[in-house]
Amino acid sequence: MKAFVAGDGTAWGVEVRMPTHSSALVIFRHPDGATSLKHRYAQLNVRTPAANDPRARLASDELVDALDTRSLARLFNRSAPVHTARASYIVS
């Protein structure tokens, strides 16, 4: 897992999951390990020659190593919460 420090000083753990031939899911794990409610995610789109071959698969380890601070900041800025608090409604 790679480390990323956000603008507010929070040190997030970065993980790449579910790679396909042209994209992957980037998970930002909040340092508070007690809950996953603060985790965030963003979609990473890759433009390589292999992205045109649907039989190919990107490697998670290579993707996370290739992400620099600027790329992580851009992904973090457009990330969304993994979980949201939703009110439960009872329909009668």
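Guide: Buried means under 20% relative accessible area, exposed over 50%, and partly exposed in between, with a 1.4 Å probe and protein chains only. The model is predicted, so local features need pLDDT of at least 70 and side-chain atom pairs count only at pLDDT 80 or more, while totals for chains, interfaces and linings use all residues. Residues are numbered from 1 along each chain as its sequence is written, and side-chain values use heavy atoms, leaving out hydrogens and water.

Visitor: Are Phe-28 and Phe-76 buried or exposed?

Guide: Phe-76 has 17% relative accessibility and therefore counts as buried. Taken together, Phe-28 and Phe-76 are both buried.

Visitor: Which are the edge strands?

Guide: Helices (H or I, at least four residues) and strands (E, at least two) are DSSP runs numbered from the N terminus, and two strands pair if DSSP finds at least two bridges between them. The open sheet has 5 strands in the order β1-β2-β3-β4-β5, with antiparallel pairing. Two strands pair on one side only, and these edge strands are β1 (2-5) and β5 (80-81).

Visitor: What angle does the direction of α2 make with that of β1?

Guide: Helix α2 packs on the sheet and touches β1, β2, β3 and β4 (40-45), where contact means heavy atoms within 4.5 Å. Axes are lines fitted to C-alpha atoms, for helices over the stretch in contact, and angles run from 0 to 180 degrees between N-to-C directions. For α2 and β1 the value is about 70°.

Visitor: How many bridges join β3 to β4?

Guide: On its β2 side, strand β3 (residues 23-29) is joined by 5 bridges to strand β2 (residues 11-17), and Val-16 stands opposite Val-26 in β3. On the β4 side, Ile-27 stands opposite Tyr-41. Strands β3 and β4 run antiparallel, and the number of bridges is 6.

Visitor: How many residues apart in sequence are the parts that Trp-12 and Phe-76 tie together?

Guide: Rings of Phe, Tyr and Trp (its six-membered ring) pair if their centres lie within 6.5 Å; planes under 30 degrees apart count as stacked, over 60 as edge-to-face and the rest as tilted. The whole structure has 4 aromatic pairs. Trp-12 and Phe-76 form a tilted one, 5.1 Å centre to centre with 55° between the planes. Trp-12 lies in strand β2 and Phe-76 in helix α2, so the separation in sequence is 64 residues.

Visitor: What is the angle between the planes of Phe-28 and Phe-76?

Guide: Ring pairs link a cluster of Phe-4, Trp-12, Phe-28 and Phe-76. The centres of Phe-28 and Phe-76 are 5.2 Å apart. This pair is edge-to-face, at 80°.

Visitor: Over which ring does the charged end of Arg-40 sit?

Guide: A charge sits over a ring if NZ of Lys or CZ of Arg is within 6 Å of the ring centre and within 35 degrees of the ring normal. The charged end of Arg-40 is 5.9 Å from the ring centre of Phe-76.

Visitor: With which side chain does Ser-71 make a polar contact?

Guide: Ser-71 lies in helix α2 (residues 69-77) and counts as buried because its relative accessibility is 18%. A polar contact is a pair of N or O atoms within 3.5 Å; within protein, one must be able to donate a hydrogen and the other to accept it, and residues adjacent in sequence count only if both atoms are side-chain atoms. At 2.6 Å, the partner of the Ser-71 side chain is the side chain of Asp-68.
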